[in-house]
Amino acid sequence: MSTPIKVHVYDLSKGLASQLSLQLTGKHMDGVWHTSVIAFGKEIFYGPGICETEPGRSHHGSPLRIIDMGETSIDEQTFVEYLSQIKEHYTADKYHLLDFNCNSFTNDCLGFLTGGSLPSYIKDLPSDFLSTPFGAALRPTIDAMFRGRASTGVLTPPSDIPTDSPNPALGSSLLQAVAASATSNSSGAPSSSRNYLPTPAPTSPPTPVQSNSLTTPVHIATNPSSFHNVLRTHRAVVAFFTSATCGPCRMIEPVFEDLARSKSRANDVAFVKIDLSVGMSNAVGGEYGVRVTPTFILFLDGNKTHEMKGVNAPELRTQVDLLLYQAFPPHPHTKLSLPAIEAISLNAILFSQVLNFDIVLAKVTGFVDAAPSWSGSATKEATKQILAKNIIPYLKARGSSSPPNILFEPWKDVTTSLATNLSAGELFPVADIWRIALLEPAVCGWSATKLGPGSPILVLLSKAEGAPRNYTLTLLKMISNAFANNVIARELLLSSRSRITTLIVASLLHDDASVRLAAASLAFNMAVHLQRLRVEKLRGNVKGDDVGENEDWDVEMTSALLEAIEREKVNEEIVHRLTASLALLIRLSPSIEQLTSLLEVLQAQKILKDKLERGGCGDAGVVKKEARKLIEEVAKKLCP
């Protein structure tokens with residue numbers, strides 16, 4: 001007789017993650033997910049050990065959603081025996097918010113019961129969090145919290161939230177609340193909530209040869225389904241087959257954990273520990289013919305590539321490095337000496353010319369008064385009032401020790417109303433106001449949480465098509481300044497890359513040199529942002545999805561930059577910025593094979609070298625020494 005299996009999903013942040021994640025991390029996260037298994041009339045979860053309660057009666061309250069995971073033919077007694085076998089793994093002192101948590105346990109149980117696994121949006125949440133700069137900076141703090149708990153049984157408050165995070169106090173409070181909820185021993189839970197199985201009390205600090213606190217990114221597999229899931233979701237996998245009574249295993253385990261700590265990559269590289277004495281782990285060992293411990297088996301794309309037995313730390317390190325080299329061969333350009341390209345400053349080009357705010361206010365007010373009709377959430381009078389009493393005074397106080405404490409939300413309504421009722425030719429002073437505003441960290445922080453379709457940046461971008469020269473120029477400068485903020489830049493690349501690219505490509509061919517220079521600056525700022533992300537990805541710190549790679553876009557931008565370089569006969573600063581953009585775009589591009597062919601077809605090397613000759617750009621060609629070195633290096637080393 002089959003039994004239905006369900007998963008209860010809870011948000012440990014109680015809605016705060018959805019509200020604050022974009023501000024803190026630069027990525028929107030719907031929740032901090034806690035899961036439990038519903039089987040045989042019980043809700044079973046991992047926190048202070050393996051716990052059981054009546055469904056929906058745990059201290060987490062009512063589930064946010066319920067997922068139907070199908071049915072199991074396994075009987076309750078067999079499941080209870082399985083839980084008894086894995087209880088030594090799922091103890092309170094081993095809990096870790098990122099690496100070994102309730103979702104690890106739920107996934108193991110689902111693999112045993114149904115052969116299934118949790119949805120990726122739940123399993124990948126720690127990787128998504130760690131892929132952000134805030135998450136990467138916070139990782140040591142989280143590790144320290146749970147190392148302290150492993151040795152003392154008490155969760156150590158996060159006292160060292162990175163001070164360069166968007167809001168250290170807010171981040172600290174949210175982290176502490178989530179961690180406390182995740183590891184609560186249910187003192188406030190209904191009386192029906194109890195430990196499902198006895199679990200050992202927190203132990204003394206682990207010895208150097210056997211770490212019990214899982215503060216390294218090591219996956220635990222206790223059945224074939226959970227192990228196969230790791231193989232499916234990671235390109236390279238290192239599996240460590242061990243057993244509780246194996247002395248040599250305890251000798252080599254610190255080396256394995258060190259490799260996991262330094263080599264793991266979210267969704268790319270996984271290190272898995274399989275204790276053959278736990279659960280159905282012996283079935284995993286049997287599948288791959290494991291007869292002795294320790295045994296290490298390495299996998300690439302789900303296929304076994306190497307096996308080694310015994311304690312040989314140098315050989316293990318060598319084989320892991322070889323596996324990663326096969327899985328992720330280094331970019332061919334990393335072997336080149338590129339001093340001129342490496343000397344390019346990765347600071348965004350900013351347009352910070354100060355406005356005469358009184359003149360700007362008078363212009364906008366005049367356009368508002370002259371508008372024949374008006375619609376939108378902000379009336380004419382409200383629009384003028386907010387401009388005069390809120391926005392302009394705030395920007396006038398830029399750099400002061402005590403800027404006005406105001407709300408930015410009215411800025412969004414005013415910008416939308418102005419864009420709805422004024423033509424693009426009348427909107428350029430509004431874009432100029434935002435150009436200055438986006439130089440302010442507080443405005444950027446607020447804007448980073450308002451990057452949906454109605455955000456001021458995207459509302460103004462929507463007016464770009466067919467706009468007159470003054471609006472196009474100001475808009476290019478405004479978006480260039482926006483790209484100086486990493487959070488805004490990431491979201492613009494992921495959500496509005498096509499519209500921004502259309503603006504750049506058209507503007508690079510504009511008759512006005514000022515527009516072409518601004519377009520070259522925006523192209524450079526986009527390339528700088530991508531270059532930073534690609535460098536971090538090579539270091540294993542950022543997932544590919546966060547880089548937002550797009551081969552078609554690389555091809556389109558490379559073609560546009562080369563055409564603009566070829567056509568630019570007057571302004572060598574434009575040529576310099578375009579060449580720098582081209583260098584950063586193609587240097588670490590994952591589409592290098594396609595781009596190499598394109599560069600050859602378009603005769604990129606000749607186009608660049610011509611800029612150095614008489615008449616190529618001005619009468620004498622490019623003169624500036626720094627620009628000449630860069631052009632020569634890109635032409636010679638990056639172009640076939």
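This is a predicted model: local features need pLDDT of at least 70, side-chain atom pairs count only at pLDDT 80 or more; totals for chains, interfaces and linings use all residues.
The protein chain contains 27 helices and 11 strands. Of its 640 residues, 54% are buried. The accessible surface of the chain amounts to about 26,500 Å², and carbon and sulfur atoms account for 52% of that area. Among contacts between residues at least 6 apart in sequence, 75% link residues that are at least 24 apart.

One disulfide is present in the structure. The bond is formed by Cys246 and Cys249, whose sulfur atoms lie 2.3 Å apart. The link between Cys246 and Cys249 is right-handed, with 80° about the S-S bond. Both of these cysteines, Cys246 and Cys249, are buried. Burial was also found for two further cysteines, Cys109 and Cys444. Cys109 has a relative accessible area of 0% and is therefore buried. Cys444 has a relative accessibility of 6%, so this residue also counts as buried, the cut-off being under 20%.

Leu595 is located in helix H25, which spans residues 592-601. Because its relative accessible area is 0%, Leu595 is classed as buried. With residues up to four places away in sequence left out, Leu595 is in contact with Asp554, Val555, Thr558, Ile586 and Ser589.

Note on methods. Residues are numbered from 1 along each chain as its sequence is written. Side-chain values use heavy atoms; hydrogens and water are left out. Helices (H or I, at least four residues) and strands (E, at least two) are DSSP runs, numbered from the N terminus. Buried means under 20% relative accessible area, exposed over 50%, partly exposed in between (1.4 Å probe, protein chains only). Contact means heavy atoms within 4.5 Å. Accessible areas come from the Shrake-Rupley method with a 1.4 Å probe; for residues, only the protein chains shown count as cover. A disulfide is a pair of cysteine sulfur atoms within 2.5 Å.
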